[in-house]
Amino acid sequence: MSEFSHINQRGEASMVDVSTKAATVREARAEGYVRMSADTLQKILAGEHHKGDVFSVARIAGIQAAKQTSQLIPLCHPLMLSKVAVDFEAQPEHNRVRITSLAKLTGQTGVEMEALTAVSVAALTLFDMCKAVDPAMVLEGIRVLEKQGGKTGHWQADSTG
């Protein structure tokens, strides 16, 4: 197992120095789920939610959050993202919404945290917009699906989750 990169030789938290790393195209994909009642999901899909287009608001929230990751997570580098996408897939057979994100840039460090932040905040936004009608919703399964670029190249999660 690799050593933790955010710990210095004295065991203290430390921001990684990426100044000598080559700038490469890097991207990461993440996913997460919001489990909810069948009625809540139906209202969202039918456009009958009293707060309007829930997915549009959550998409914008996820994109904005990815751009603010370094302000939320102390040792993350501020990054010039070239692409952030957040998408939603209703899964009525499981009474849930699958949220996926893509974060991409050309730079010296990876974008896994930005992809995870986008999914997390999009899920939180869905929860916030629907909590009045369904306070028992559950956020689950937030994880990195894939990353590309940099010294380690391509990595993909196994399909078992």
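1. In this predicted model, Asp39 and Lys43 form a salt bridge in which the closest N and O atoms are 2.9 Å apart. Both residues belong to helix α1, where they sit four residues apart, about one turn of the helix. Asp39 counts as partly exposed because its relative accessibility is 43%, and Lys43, at 28%, likewise counts as partly exposed.

2. The buried residues of helix α1, which spans residues 38–45, are Thr40, Leu41 and Ile44. They cover an arc of only 95 degrees around the axis, and therefore lie on the same side of α1. An α-helix has 3.6 residues a turn, so residues three or four places apart point the same way. The partners against which the buried residues of α1 pack are α2 (54–67), β2 (83–91), β3 (96–107) and α4 (112–130). Just after α1, Gly47 adopts a positive phi of about 70 degrees.

3. Turning to the strands, β1 and β3 pair in the antiparallel sense over 12 bridges, and Ala28 has Ala103 in β3 as its bridge partner. β2 and β3 are also paired in the antiparallel sense, over nine bridges, and in the hairpin that these two strands make, with four residues between them, Asn95 takes a positive phi near 50 degrees. Strand β3 is largely enclosed by the rest of the structure, because nine of its 12 residues are buried.

4. The largest nonpolar core contains 29 residues, and those with the most contacts inside it are Val34, Met36, Phe88, Val97, Ile99 and Leu126. Two or more residues are given to this core by each of β1 (24–35), α1, α2, β2, β3 and α4, with the largest share, nine residues, coming from α4. Phe88 stands opposite Ile99 in β3, and, leaving aside residues up to four places away in sequence, Phe88 touches Phe55, Ala58, Arg59, Val97, Arg98, Ile99, Ala122 and Leu126.

5. The structure holds 10 salt bridges, and a network of them links Glu27, Arg29, Lys104 and Glu146. Glu27 is buried, with a relative accessible area of 14%, whereas Arg29, at 34% relative accessibility, counts as partly exposed, and Lys104 is partly exposed with a relative accessible area of 30%.

Terms used. Residues are numbered from 1 along each chain as its sequence is written. This is a predicted model: local features need pLDDT of at least 70, side-chain atom pairs count only at pLDDT 80 or more; totals for chains, interfaces and linings use all residues. Side-chain values use heavy atoms; hydrogens and water are left out. Buried means under 20% relative accessible area, exposed over 50%, partly exposed in between (1.4 Å probe, protein chains only). The arc is that of the directions from the helix axis to the C-beta atoms. Contact means heavy atoms within 4.5 Å. A nonpolar core is a set of buried Ala, Val, Leu, Ile, Met, Phe, Trp, Tyr and Cys residues joined through side-chain atoms within 4.5 Å. Two strands pair if DSSP finds at least two bridges between them. A salt bridge is a side-chain nitrogen of Lys or Arg within 4 Å of a carboxyl oxygen of Asp or Glu.
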